[in-house]
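Student: I have a structure open and would like to go through it. Can we take it step by step?

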Amino acid sequence: DTLVKRWYIPVVIILISVITTTAYSLLNIFPSYSCTAKLYIINKEENSLSSSDLAVSTSLARDFEIIINDDTIIGEVAQELNYKYSASQIKSFISVKNPQNTRIIELTVVSPEHEITKQITSSICDITQYKLIDIMGVDRISVISKGSISVTPARTKQINIIIYGLL
C-alpha cells in the first residue's frame with residue numbers, strides 16, 4: 001500500500017540520475033577525432049634488400065617510436081600550428097605503434113578538433129620524413145598514408161555514460 005502511494009520516488013530518482021549523467025557527459029566529455037598515418041622505413045643500399053637490411057630496419061622502427069615523440073619533432077609541429085597547442089598537449093594526442101616484425105610505424109592522433117587532428121598527423125609525417133633520415137641515417141622513410149579522418153566525432157563515451165545513468 002505504501003509503495004503504491006509513493007510510486008513517484010523511484011521515477012524521480014531515475015530522472016535525476018539521467019539528467020545528471022547527461023549534463024555531465026555533455027559538459028565534460030568533448031568529441032574527439034582520430035587520424036592514423038602509416039610510415040614505412042627503408043634502410044637499403046642500391047637496389048638490393050637483404051635479410052640483414054630487414055632486421056636493421058625492424059629494430060630501427062622501435063627507435064623511431066621514441067624519436068617521433070621527442071621535443072624536436074613535436075616542437076616543430078607546434079610551430080607549424082602557430083602554437084595553438086603546446087608540445088606537451090600535442091604529445092598527449094599522439095600514440096605511436098610498431099606492429100611486430102614490420103618496418104611500419106603507425107601514428108595515431110586523437111584531438112578535440114577535426115582540422116587540427118589532420119594537421120598534426122600531416123605535420124608529423126612531413127617532419128618525420130626528413131628529420132629521422134638525418135638523425136638515424138636511414139635511406140628513406142615513405143609515407144604509406146597520411147590518414148583519413150571521419151566527419152563525425154566518436155561519441156560512444158557520452159552514450160555509455162547516459163546508459164549507465166539509466167541503470
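Tutor: Start with a term: two residues are in contact when heavy atoms of theirs lie within 4.5 Å. This is a predicted model, in which local features need pLDDT of at least 70 and side-chain atom pairs count only at pLDDT 80 or more, while totals for chains, interfaces and linings use all residues. Residues are numbered from 1 along each chain as its sequence is written, and side-chain values use heavy atoms, with hydrogens and water left out.

Student: OK. Which residues is Ile-90 in contact with, leaving aside neighbours within four places in sequence?

Tutor: Ile-90 is in contact with Ile-74, Val-77, Ala-78, Leu-81, Tyr-85 and Ile-120.

Student: And how many helices and strands does the protein chain have?

Tutor: The protein chain has 7 helices and 4 strands. Both are DSSP runs numbered from the N terminus: helices are H or I with at least four residues, strands are E with at least two. Along the sequence the pattern reads α-α-β-α-α-α-β-β-α-β-α.

Student: What share of the residues is buried?

Tutor: Of the 167 residues in the protein chain, 34% are buried. Buried means under 20% relative accessible area, exposed means over 50%, and partly exposed is in between, with a 1.4 Å probe and protein chains only.

Student: Which residues have the most contacts inside the largest nonpolar core?

Tutor: Those are Ile-68, Ile-90, Ile-94 and Ile-120, in a core of 27 residues. A nonpolar core here is a set of buried Ala, Val, Leu, Ile, Met, Phe, Trp, Tyr and Cys residues joined through side-chain atoms within 4.5 Å.

Student: Which elements supply at least two residues of this core each?

Tutor: Strand 1 (33–42), strand 2 (94–97) and strand 3 (104–111) do, along with helix 3 (51–68), helix 4 (71–80), helix 5 (87–93) and helix 6 (114–136). Helix 6 gives the largest share, 6 residues. In soluble globular proteins, nonpolar side chains tend to be buried together.

Student: Stay on helix 6. Is Thr-128 buried or exposed?

Tutor: Thr-128, which is in helix 6, counts as buried because its relative accessibility is 0%. Not counting residues up to four places away in sequence, Thr-128 touches Leu-39, Ile-68, Ile-73, Ile-133 and Ile-141.

Student: What about Met-136?

Tutor: Met-136 lies in helix 6 as well, but counts as partly exposed because its relative accessibility is 25%. Met-136 and Asp-63 are 73 residues apart in sequence, yet their C-alpha atoms are 8.8 Å apart in space.

Student: What percentage of contacts joins residues at least 24 apart?

Tutor: It is 74%, among contacts between residues at least 6 apart in sequence.

Student: Back to helix 4. Which of its residues are buried?

Tutor: Ile-73, Ile-74, Glu-76, Val-77 and Ala-78. After helix 4 comes Asn-82, with a positive phi near 55°.

Student: Now the strands. How many bridges join strand 1 to strand 3?

Tutor: There are 8 bridges, and the two strands run antiparallel. Two strands pair if DSSP finds at least two bridges between them. Tyr-33 has Ser-111 in strand 3 as its bridge partner. Strand 1 also pairs with strand 4 (residues 140–145), in the antiparallel sense over 5 bridges. There, Tyr-40 stands opposite Ser-142.

Student: How many disulfides are there?

Tutor: The count is 0, where a disulfide is a pair of cysteine sulfur atoms within 2.5 Å. Cys-35 is in no disulfide, and its nearest cysteine sulfur, that of Cys-125, is 8.1 Å away. Cys-35 is buried, at 0% relative accessible area. Cys-125 is buried too, with a value of 0%.

Student: Last topic. How many aromatic pairs does the structure hold?

Tutor: It holds 2 aromatic pairs. Rings of Phe, Tyr and Trp (its six-membered ring) pair if their centres lie within 6.5 Å; planes under 30 degrees apart are stacked, over 60 edge-to-face, and the rest tilted. The ring centres of Trp-7 and Tyr-8 are 6.2 Å apart with planes at 85°, so this pair is edge-to-face. Tyr-85 and Phe-93 are also edge-to-face, at 5.1 Å centre to centre and 85° between the planes.

Student: Is Tyr-85 buried or exposed?

Tutor: Tyr-85 is buried, with a relative accessible area of 10%, and Phe-93 is buried at 13%. In the other pair, Trp-7 is exposed at 56% and Tyr-8 is partly exposed at 41%.
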